[in-house]
Structure formats: C-alpha cells, structure tokens
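Please look through the sequence and the structure shown below before reading on.

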Amino acid sequence: MMNYMVEHLPDDYLREIAEYFAAQHPAPPPAQPSGAGATALARGRQLVLQGDGAKKIPACIACHGQQLGGVAPAIPGLLGLPRDYINAQLGAWKNGIRRAHAPDCMAQVAQRLSDADVGAVSAWLGTQVAGADARPASGITAPLPLHCGGVPGSAAQVAP
C-alpha cells in the first residue's frame with residue numbers, strides 16, 4: 001500500500017518528507033518484558049554482540065553499529081523496535097518474503113539463523129532500551145562483514 005501511495009510523488013518531495021522524519025527524535029520506548037528463559041536471552045545477546053563464527057553469523061553490531069542505532073541512510077537501528085516486529089522481519093528474510101538489493105546480506109544472515117536463534121535475538125533486543133540521545137551513525141567506520149547491495153561501500157569480509 002505504501003508503494004502505491006508514494007510511487008508518483010516527486011523525488012524532491014520524498015526527500016523533504018524523509019528529512020522531516022529523520023529530524024524527529026521521539027523518546028525511546030521502554031524495554032519489553034520477556035518470557036524467554038535465561039539461556040535464550042544469553043544466546044540472543046551473544047548473537048547481537050559477538051555473532052556465531054561457526055555458523056558464519058556476524059554480530060548485529062558489526063553492521064547496525066556498536067549502539068545498535070543503525071547507520072544513515074541504509075542500515076536501520078534495532079533498539080526500540082518491538083520484539084514481534086524484529087521476529088517477523090527476520091522470519092520474512094529467512095522465508096524469502098522480504099528482500100533487499102542483491103547481494104541481500106540480511107537474507108544470508110537470516111538463512112544461517114535457526115528459528116531458536118531468531119527468537120533469541122528478537123527477545124534480547126526487545127529487552128534493550130535505546131538511550132535518549134541514540135542516533136544513527138553518519139557513516140560506516142569499519143568494513144561490513146558481508147557485501148550488502150543496498151549499502152554503498154560495503155565489502156565482503158566473511159564468505160557468504
């Protein structure tokens with residue numbers, strides 16, 4: 001539905017809208033309570049902060065930033081998103097429903113995650129709160145672990 005609403009709007013107007021919303025900084029939502037057990041939350045924390053080398057899963061912070069606030073303009077922040085939303089988006093990438101420009105690095109990562117890993121990452125991220133001053137980084141400071149088609153300048157560091 002959103003595609004239909006914006007497909008005929010001029011690029012300058014779309015940029016104006018994007019700049020307006022990018023300048024808004026609402027207070028971050030509170031952490032969500034989690035029914036996940038300690039083991040699942042520990043696994044989620046590990047995947048977010050360290051990744052899993054054996055499964056070739058990079059840490060979320062490797063792309064989404066050390067503070068998980070994202071990198072403007074192409075990499076979204078992960079904090080403050082509802083657990084169910086994160087779970088649904090990872091599931092959509094895992095199932096091929098959601099796609100990004102090729103090579104689709106998030107699809108590659110999602111394919112490597114087990115269903116339990118998806119739940120663990122979603123649960124742990126849902127319990128985290130973004131700081132009131134959290135903002136996306138203005139640029140990538142280190143090479144991304146995977147080449148991502150939608151991210152200019154990303155370079156493959158880990159075999160897909």
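## Terms and basis

A residue is called buried when its relative accessible area is under 20%, exposed when it is over 50%, and partly exposed in between (1.4 Å probe, protein chains only). This is a predicted model, in which local features need pLDDT of at least 70 and side-chain atom pairs count only at pLDDT 80 or more, while totals for chains, interfaces and linings use all residues. Residues are numbered from 1 along each chain as its sequence is written, and side-chain values use heavy atoms, with hydrogens and water left out.

## The cysteines

Taking a disulfide as a pair of cysteine sulfur atoms within 2.5 Å, the count comes to one disulfide, which joins Cys 105 to Cys 148 with an S to S distance of 1.9 Å. Cys 105 lies in helix H6 and Cys 148 in the segment after H7, 43 residues apart, where helices (H or I, at least four residues) and strands (E, at least two) are DSSP runs numbered from the N terminus. Cys 105 is buried, because its relative accessible area is 14%, and Cys 148 is buried at 4%.

Cys 63 has its closest cysteine sulfur in Cys 148, but the distance of 5.4 Å is too far for a bond.

## The nonpolar core

A nonpolar core is a set of buried Ala, Val, Leu, Ile, Met, Phe, Trp, Tyr and Cys residues joined through side-chain atoms within 4.5 Å. The largest one has 24 residues, and Leu 125 is among those with the most contacts inside it. The largest share of this core, four residues, comes from H7. With contact meaning heavy atoms within 4.5 Å, Leu 125 touches Val 48, Leu 68, Leu 78, Leu 79 and Ile 86, not counting residues up to four places away in sequence.
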